[in-house]
Amino acid sequence: MKALVKRGPGEGLEYTDVPVPVPGRHDVLVRVLRTGICGTDLHIFEGNPWAARTVTTPRVIGHEFVGEIVRTGAGVGGLVPGQLVGAEGHVTCGTCVNCRADRKHLCRAAQGLGVQRDGAFAEFVSLPAESVWVHRPGVSLDAAAIFDAFGNAVHVADAFALRGRTVLITGAGPIGAMAAAVARHRDAALIVVSDVSSFRLDLARRAGAHQVIEAGDEPIDTAALGLEHGFDTGFEMSGSPSALSGLIGAMAHGGRIAALGLPDREVPVDWSAISLRMLTIQGISGRKVFDTWHTMAGLYDEGLDPTFTVTHHFAAEDYEKAFATAAEGTAGKVILDWVPRD
Ligand SMILES: [Zn+2]
Ligand SMILES: [Zn+2]
């Protein structure tokens, strides 16, 4: 089968032939239809220090996908060929204290699909049956392909109650924009999004942000936004050190921050502001398995469609163009097609 493979250190990927994986007793084999390119994949393409440290090679990469079950292992119940599925990209150990307490999203031995085990940027992927999410009828293939990323946004947005609250979101990449859409759906009173890119701010507007701010050196002027006390809630989606300190500075006393963005270095933090304002900071990673997935399916049924972030499609063999496009500041979600579109 064709697959996108990271061979070793350095930049680039290979679009090459590898054997079709053989599913184990508790696994399913999925024929991949469409995949979403994630920031993680860009880091792996680039071969940055995180990727060099984390990705075991050679490795078929990719974790955002939708496909169709073609085969199930002998020990698999409840799943059948033909079902349209995605999967939780963190394959958990099943034996640690958090896995055994059904807090799988807190597993510290989780393996990333397309990072520490072969992923979905391929014609077929094999996964443990318990990682599989069966889509409800009616979901579009593009939406299903990016459910994993949508889940990051939902996990952030649902960290705290939003109805009637004011929300500041730093970072309007696809996940930040999706989080803005969820906040709007949750009836937040005011949603303000900041980013350095005007393209991304447009994405945030389309998501339903009430106001967008071009991020700069100036602190966010909460008074000018009509906020006497600052923001109730913050979503840190950028990984930018200056965005984080701006966010902390713009929070009301007792404000709560959900932090998903990953800085690539240590970040100095004004702890006195956190203490004196009694802020809560909740780190967010991945999705709750499978609570977040159920919530996403419900949101989708209610009309919240994450595909407003999709800007480009490429055939899998055009991966170089696709990755270059995704790496530019003027793309939202980029989809790779593993079977031709009708
Ligand atoms: Zn992702
Ligand atoms: Zn575990």
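Four donors count as tetrahedral if all angles lie between 85 and 135 degrees, where donors are N, O and S atoms within 2.8 Å of the metal, or 3.2 Å for Na, K and Ca. Since water is not among the atoms, sites may look incomplete.

Colleagues, the model before you is predicted: local features need pLDDT of at least 70, side-chain atom pairs count only at pLDDT 80 or more, and totals for chains, interfaces and linings use all residues. Residues are numbered from 1 along each chain as its sequence is written, chains are lettered from A and ligands numbered from 1 in the order in which they are written, and side-chain values use heavy atoms, with hydrogens and water left out.

I begin with ligand 2. This zinc ion is held by the SG atoms of Cys93, Cys96, Cys99 and Cys107, at 2.3 to 2.4 Å. The angles among its four donor atoms run from 103 to 118 degrees, and the site is tetrahedral. The donor residues follow the spacing C-x2-C-x2-C-x7-C. Cys96 lies in the loop between strand 7 (90–91) and helix 3 (97–100), and Cys107 in the loop between helix 3 and strand 8 (111–112), so the pair ties together parts eleven residues apart in sequence. Helices (H or I, at least four residues) and strands (E, at least two) are DSSP runs, numbered from the N terminus. Cys96 is buried at 18% relative accessible area, and Cys107 is buried at 10%. Buried means under 20%, exposed over 50%, and partly exposed in between, with a 1.4 Å probe and protein chains only.

Next, ligand 1. The protein donors of this zinc ion are Cys38 (SG), His63 (NE2) and Glu64 (OE), at 2.1 to 2.4 Å, spaced C-x24-H-E in sequence. Cys38 is in the loop between strand 3 (27–36) and helix 1 (39–46), and His63 in the loop between strand 4 (59–60) and strand 5 (64–72), so the pair ties together parts 25 residues apart in sequence. Cys38 is buried, with a relative accessible area of 11%, and His63 is buried, with 10%.

Strand 3 also contains Arg34, which is buried at 14% relative accessibility. Its side chain makes a polar contact with that of Asp142 at 2.9 Å. A polar contact is a pair of N or O atoms within 3.5 Å; within protein, one must be able to donate a hydrogen and the other to accept it, and residues adjacent in sequence count only if both atoms are side-chain atoms.

Notes. Tetrahedral: all angles 85-135°; square planar, octahedral: opposite > 155°, others 65-115°.
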